[in-house]
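The points move from the chain as a whole to particular side chains.

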Amino acid sequence: MGMESVLQSIKNAEESADAKIAASKEEAAKILSDARREASEIIQGAQDGAASSTVKTLDSAREKAGKEAEGI
């Protein structure tokens with residue numbers, strides 16, 4: 001192999017590596033974006049569940065207090 005051929009092979013390998021790095025960065029960004037979206041959905045679901053549970057607890061307490069007040 002001549003010097004020019006070796007240099008061309010090195011250049012091709014570098015270009016291939018750069019393309020793989022760029023593709024990997026894009027894939028990593030997509031994975032991160034998907035993970036953030038999923039985490040946001042989980043947090044929102046937990047907040048909704050907590051709010052619903054709080055409302056049920058308050059309703060139950062009001063009902064119990066109302067029954068106790070009727071007994072007085």
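1. Of the 72 residues of the protein chain, 0% count as buried, where buried means under 20% relative accessible area, exposed means over 50%, and partly exposed lies in between, with a 1.4 Å probe and protein chains only. The model is a predicted one, in which local features need pLDDT of at least 70 and side-chain atom pairs count only at pLDDT 80 or more, while totals for chains, interfaces and linings use all residues. Residues are numbered from 1 along each chain as its sequence is written, and side-chain values use heavy atoms, with hydrogens and water left out.

2. The secondary structure of the protein chain consists of one helix and zero strands, these being DSSP runs numbered from the N terminus (helices H or I, at least four residues; strands E, at least two). The protein chain is more spread out than a compact globule, because its radius of gyration is 31 Å, well over the 11 Å that the globule rule gives for 72 residues; the radius is taken over C-alpha atoms, and the rule is 2.2 Å times the number of residues to the power 0.38. Along its principal axes, the C-alpha trace spans about 105 × 10 × 5 Å.

3. As to accessibility, lysine 64 is exposed, with a relative accessible area of 55%, whereas leucine 58 is partly exposed at 44%.

4. The accessible surface of the protein chain comes to about 6400 Å², of which 59% belongs to carbon and sulfur atoms; such areas come from the Shrake-Rupley method with a 1.4 Å probe, and for residues only the protein chains shown count as cover. Met3, Val6, Leu7 and Ile10 form a nonpolar patch on this surface, with about 380 Å² of accessible area together. Patches are made of residues with over 30% relative accessible area and no salt bridge, like charges being joined within 9 Å and nonpolar side chains (Val, Leu, Ile, Met, Phe, Trp, Tyr) within 5 Å. Methionine 3 belongs to helix H1, which covers residues 3–70, and counts as exposed at 63% relative accessibility.

5. The mean positions of the 10 positive and 14 negative charges of the protein chain are 4 Å apart. In this count Lys and Arg are positive and Asp and Glu negative, with His and the chain ends not counted, and the place of a charge is taken as NZ of Lys, CZ of Arg, CG of Asp or CD of Glu.

6. How many salt bridges does the count come to? The count comes to five, a salt bridge being a side-chain nitrogen of Lys or Arg within 4 Å of a carboxyl oxygen of Asp or Glu. One of them joins the side chains of aspartate 34 and lysine 30, at 2.9 Å from N to O; being four residues apart in helix H1, aspartate 34 and lysine 30 are separated by about one helical turn. Lysine 30 is exposed, with a relative accessible area of 53%, while aspartate 34 is partly exposed at 28%.

7. Aspartate 34 also forms a salt bridge with arginine 37, the closest N and O atoms being 3.7 Å apart, and these two residues of helix H1 lie three residues apart, about one turn of the helix. Arginine 37, partly exposed with a relative accessible area of 45%, in turn forms a salt bridge with glutamate 41, where the closest N and O atoms are 3.5 Å apart. Arginine 37 and glutamate 41 are four residues apart in helix H1, again about one turn, and glutamate 41 is partly exposed at 48%.
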